[in-house]
Structures are given as structure tokens and as C-alpha cells.
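Subject: Structure handover

Hi,

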Protein chains: 2
Amino acid sequence: MAELKFEIVEHIGVLSENAKGWTKELNKVSWGEHAPKYDIRDWSPDHTRMAKGVTLTDEELEALKAILNGEVEDDIDESQML
Amino acid sequence: MAELKFEIVEHIGVLSENAKGWTKELNKVSWGEHAPKYDIRDWSPDHTRMAKGVTLTDEELEALKAILNGEVEDDIDESQML
């Protein structure tokens with residue numbers, strides 16, 4: 001069985017936690033010894049298991065931040081947010 | 001072969017585009033007739049094909065926005081961002 005080498009080089013923040021203790025997190029993760037990228041996915045409590053997710057470059061994370069902060073403010077129904 | 005029903009109910013923003021025209025997007029997507037959730041993933045130009053991604057609840061998107069905007073400002077090396 002192949003092995004996937006990865007390293008969470010920076011824990012940035014937790015978005016949510018489910019009943020089994022898995023957490024959806026924004027981290028900076030190095031996959032297969034490549035340069036670290038931002039990464040949003042679910043992790044088991046001990047961070048040895050993961051679910052599918054997305055990786056984001058610095059530029060993609062900056063674009064996402066800009067989208068969330070204004071360009072699309074009218075498109076997001078903030079009354080539905082906490 | 002099973003069919004996955006989905007509907008992009010709202011195009012919110014494009015994070016990046018690659019050489020083949022696939023775009024990484026933040027959308028609101030309804031999967032299998034469930035209530036729409038925020039969704040970050042890559043899409044083909046005509047939005048008929050997709051890559052793996054993450055779905056986010058309203059609360060998770062709000063948490064992500066808060067993380068990007070401050071709580072972790074010191075952890076993100078902004079000199080590496082555009």
C-alpha cells in the first residue's frame with residue numbers, strides 16, 4: 001500500500017467540529033514534500049486521518065478573502081450567517 | 001453508472017483559472033437535492049465536470065472569514081500574498 005507523506009506545517013484555525021471530534025480546519029500543509037499550501041479539510045482528532053479537501057495557493061486564499069469581504073457582499077445573504 | 005444530481009444555485013466568485021480553463025470557485029451548490037451549501041472546488045469551463053472539493057455550512061464560511069480577517073493575522077505571512 002502506498003504511503004502519502006504529508007506534514008501540517010501550520011495550524012491556522014478550526015472552522016467546525018463534529019460529534020465524533022473530527023474538525024474542519026484551515027492549515028498550511030506540505031504534501032509529498034512539495035512546498036506547503038493552504039488547505040481546508042476535515043481531520044480526525046489526532047490528525048492521522050483526513051477527508052477530501054481543497055488546497056489553495058497564497059493567491060487563491062487572498063482571492064477568497066477578498067470575495068468574502070466585499071466584492072460579493074450583496075450575493076451572500078448575511079442574515080443566514082451567525 | 002450512478003448519477004450525481006447537483007445544481008449550482010449561486011456563482012459567488014472565481015479564485016483562480018488554470019491553463020485548461022478550469023476554475024477554482026466559491027459557489028453555493030445543492031448536492032442530491034439537499035439544501036445548498038457553500039462549496040470550494042475546481043470546475044471545467046462548462047461546469048459539467050468537477051474536481052474534489054469541500055462544502056462549507058454558513059457557520060463554517062463565517063468562521064473561515066473571521067480566521068482570514070484577524071484572529072490569525074499573525075500566523076499568515078502576508079508578505080507572501082499578493
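A strand here is a DSSP run of E of at least two residues, and strands are numbered from the N terminus. Please also keep in mind that this is a predicted model.

**The sheet in chain A**

Four strands of chain A make an open sheet, in the order β1-β2-β3-β4. The pairing is antiparallel. Strands β1 and β4 (50-56) of chain A are at the edges. Each has a single partner strand, so one side of each has no neighbour in the sheet. From one strand to the next, the twist averages 25 degrees.

Strands of a sheet pair through backbone hydrogen bonds, parallel or antiparallel. Take β1(A) and β2(A) first. They run antiparallel and are joined by nine bridges. A:Glu10 has A:Lys28 in β2(A) as its bridge partner. A:Glu7 stands opposite A:Ser30 in β2(A). The hairpin of these strands has five residues between them, and A:Gly21 there takes a positive phi near 90 degrees.

Now the other side of β2(A). Seven bridges join β2(A) to β3(A), and this pair also runs antiparallel. A:Leu26 stands opposite A:Ile40 in β3(A). The hairpin of β2(A) and β3(A) has five residues between the strands. In that hairpin, A:Gly32 has a positive phi near 55 degrees.

**How covered is β2(A)?**

How many of the residues of strand β2 (residues 23-31) of chain A are buried? Nine of nine, so by the cut-off of under 20% relative accessible area the strand is mostly covered. In a regular strand the side chains alternate between the two faces of the sheet. In β2(A), A:Thr23, A:Glu25, A:Asn27, A:Val29 and A:Trp31 point one way. A:Lys24, A:Leu26, A:Lys28 and A:Ser30 point the other way.

**Aromatic pairs**

A pair of aromatic rings is described by the distance of the centres and the angle of the planes. The count over all chains is four aromatic pairs. In one of them, the ring centres of A:Phe6 and A:Trp43 are 5.6 Å apart. Their planes are at 45 degrees, so the pair is tilted. A:Phe6 lies in strand β1 (residues 6-17) of chain A and A:Trp43 in strand β3 (residues 37-43) of chain A, so the pair ties together parts 37 residues apart in sequence. A:Phe6 is partly exposed, at 27% relative accessibility. A:Trp43 is buried, at 0%.

Chain B has a tilted pair as well: the rings of B:Phe6 and B:Trp31 have centres 5.6 Å apart and planes at 35 degrees. B:Phe6 is in strand β1 (residues 6-17) of chain B and B:Trp31 in strand β2 (residues 23-31) of chain B, so this pair ties together parts 25 residues apart in sequence. B:Phe6 is partly exposed, with a relative accessible area of 28%. B:Trp31 is buried, at 17%.

Back in chain A, A:Phe6, A:Trp31 and A:Trp43 form one aromatic cluster.

**The annotated span**

An unreviewed UniProt entry annotates residues 20-67 of chain A as "domain: Transcriptional coactivator p15 (PC4) C-terminal". The end C-alpha atoms of that span lie 32 Å apart. The span is 21% helix and 48% strand.

Best regards

How values were computed. Residues numbered from 1 in each chain as written. Chains lettered and ligands numbered in written order. Predicted model: local features only at pLDDT ≥ 70, side-chain atom pairs only at ≥ 80, totals over all residues. Heavy atoms only, no water. Phe/Tyr/Trp six-rings, centres within 6.5 Å; stacked < 30°, edge-to-face > 60°. Buried < 20%, exposed > 50% of the residue type's maximum accessible area, 1.4 Å probe, protein only. Pairing = 2+ DSSP bridges. UniProt positions renumbered as here; feature names shortened; annotations may be inferred. Axes fitted to C-alpha atoms, helices over the stretch in contact; angles between N-to-C directions.
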